[in-house]
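Let's take a walk through this structure together. Have a look at the sequence and the model, and then we'll go through them step by step.

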Amino acid sequence: MRVLVTGGAGYIGSHTVVSLIEAGHEPVVVDNLSNALRSVLARIAEVAGVTPEFHQVDVRDREAMAGIASSGIDACIHFAALKAVDESIRKPLEYYDNNVRGTIDLLAVLSAAGVRNLVFSSSATVYGDPTELPLREEMPTGRATNPYGWTKIMMEQVLTDLQAAEPEWSITMLRYFNPVGAHPSGLLGEDPRGIPNNLMPYVTRVAAGILPRLRVFGGDYPTRDGTGVRDFVHVQDVAEGHVAALERLSGEPGLHVYNLGTGRGHTVLEVVKTFEEATGKPVPYEIVGRRPGDVAESWADVSKAERELGWRATRDLATMCVDAWRWQENVR
Ligand code: NAD
Ligand code: WQD
């Protein structure tokens, strides 16, 4: 399949582009490079042996996107979005414009070009504060605690309404839990600017001596050791989940929703311990107050994806840590 990949130079997008090439597909990458480097394309080529077609275009540029969409595209995977929770609180309009308007612009262009196969990057954040675990796809989506989360809930609603109005669309919403890790080559990974918000990039920077110690947000949650629990999932598993969804569902009209996680939760301190054991690098930490907006626990029921997509995550937490660390050493 010739697959338009918006945000394909980003963290999850670049890994998915590699998985698409490895599965024999032809990715067409669109990225405005607002949160990625052009050099990612050469790295993808080094890993996958093929340089993907690339367009430095914003998904809100309908004219440029129309030209690309009419170039024989079979399906689209839509990653392009802004994703920093704290920034979204400071710049809500930028987030709604980029994420919600960007998605609407993309859908209009795809529709006009007759492309009605879409895989969308959603997030476990749409479940809000869980009342029951594990999280299942049919549970109601919750209230977001920040504009970024609201953009995902809104985009899911837009996609749901579109599919109801135009039932020939195949729309798959993949709700990722906590993607971490990096490509085992050490060539692709996540390199957030400034001080990272997310746990794993923070941990690797502490291990590298770039930051003095991890601040563990909250030691008094009702969990096994008092720290937050998340379903960490290797970014390569997430990437492969997209290929599975695309191959199973494009051309199958309907609205399809799947969790992408491992089905297992780990506490923040378990991540620290596993990282130290797997890499031999100490991660000094201190327990501080809870971070506003955090939920105590979140992990996925992954049985639907296993059953219907034939996909399940195969890489464990130690592998996520080792791969994240290899990448950290490479970008230093
Ligand atoms: P990322 O920032 O690395 O990738 C997003 C890419 O989209 C970047 O390369 C950026 O330059 C590009 N982009 C942003 N706005 C664009 C626009 N208007 N036009 C064209 N390109 C644009 O982020 P990621 O972690 O790879 O996330 C990919 C998707 O997955 C996002 O939609 C994100 O919300 C979602 N998601 C991520 C996580 C996570 O923890 N990383 C979890 C759940 C969902
Ligand atoms: C994980 C755990 C923190 C940093 C976020 C977004 C979510 C999704 C994935 C896109 C929590 C703790 C973290 C630190 C810490 N993104 N932590 N010290 O919050 O589950 O999800 O990324 O859709 O929308 O909200 O991930 O990695 O930030 O935190 O103790 O320096 O690690 O409190 O328990 P989160 P995270």
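Before we start, one term: a residue counts as buried when its relative accessible area is under 20%, as exposed when that area is over 50%, and as partly exposed in between. Keep in mind, too, that this is a predicted model.

With that in hand, take R60. Its relative accessible area is 22%, so R60 is partly exposed. The side chain of R60 meets that of D97 in a salt bridge, with 2.6 Å from N to O. This pair links distant parts of the chain: R60 sits in the loop between β3 and α3 (62-69), D97 sits in helix α5 (residues 92-112), and the two are 37 residues apart. D97 has 27% relative accessibility, so D97 counts as partly exposed as well.

Why do such pairs form at all? Side chains of opposite charge can pair when their charged atoms come close. This structure holds 23 salt bridges. Another one joins the side chains of E53 and R2, at 3.1 Å from N to O. Since E53 belongs to strand β3 (residues 53-55) and R2 to strand β1 (residues 2-6), the pair ties together parts that are 51 residues apart in sequence.

R136 is partly exposed at 27% relative accessible area, and E132 is partly exposed at 43%. Elsewhere, salt bridges with shared partners join D58, R60, R62, D97, R101 and D105 into one network.

Now turn to the ligand. How many residues surround ligand 1? There are 27 of them, and the closest are I12, D31, N35, F79 and Y148. Three of these make polar contacts with oxygen atoms of the ligand. For I12, a polar backbone atom is 2.8 Å from an oxygen of ligand 1. D31 uses a polar side-chain atom, 2.6 Å from a ligand oxygen, and a polar side-chain atom of Y148 also lies 2.6 Å from an oxygen of ligand 1. On its own, ligand 1 has 820 Å² of accessible area, and the protein covers 95% of that.

Which elements give two or more residues to the shell around ligand 1? They are α1 (11-22), β5 (117-123) and α6 (147-165). The largest share, three residues, comes from β5. Sorted by class, the shell has 13 nonpolar, nine polar and five charged residues.

Definitions and conventions: Residues numbered from 1 in each chain as written. Chains lettered and ligands numbered in written order. Predicted model: local features only at pLDDT ≥ 70, side-chain atom pairs only at ≥ 80, totals over all residues. Heavy atoms only, no water. Near = heavy atom within 4 Å. Polar contact = N/O pair within 3.5 Å; in protein donor to acceptor, adjacent residues only side chain to side chain. Areas by Shrake-Rupley, 256 points an atom, 1.4 Å probe, with all protein chains shown as cover. Helix = DSSP H or I, 4+ residues; strand = E, 2+ residues; numbered from the N terminus. Nonpolar A, V, L, I, M, F, W, Y, C, P; charged D, E, K, R; others polar. Salt bridge = Lys/Arg side-chain N within 4 Å of Asp/Glu carboxyl O. Buried < 20%, exposed > 50% of the residue type's maximum accessible area, 1.4 Å probe, protein only.
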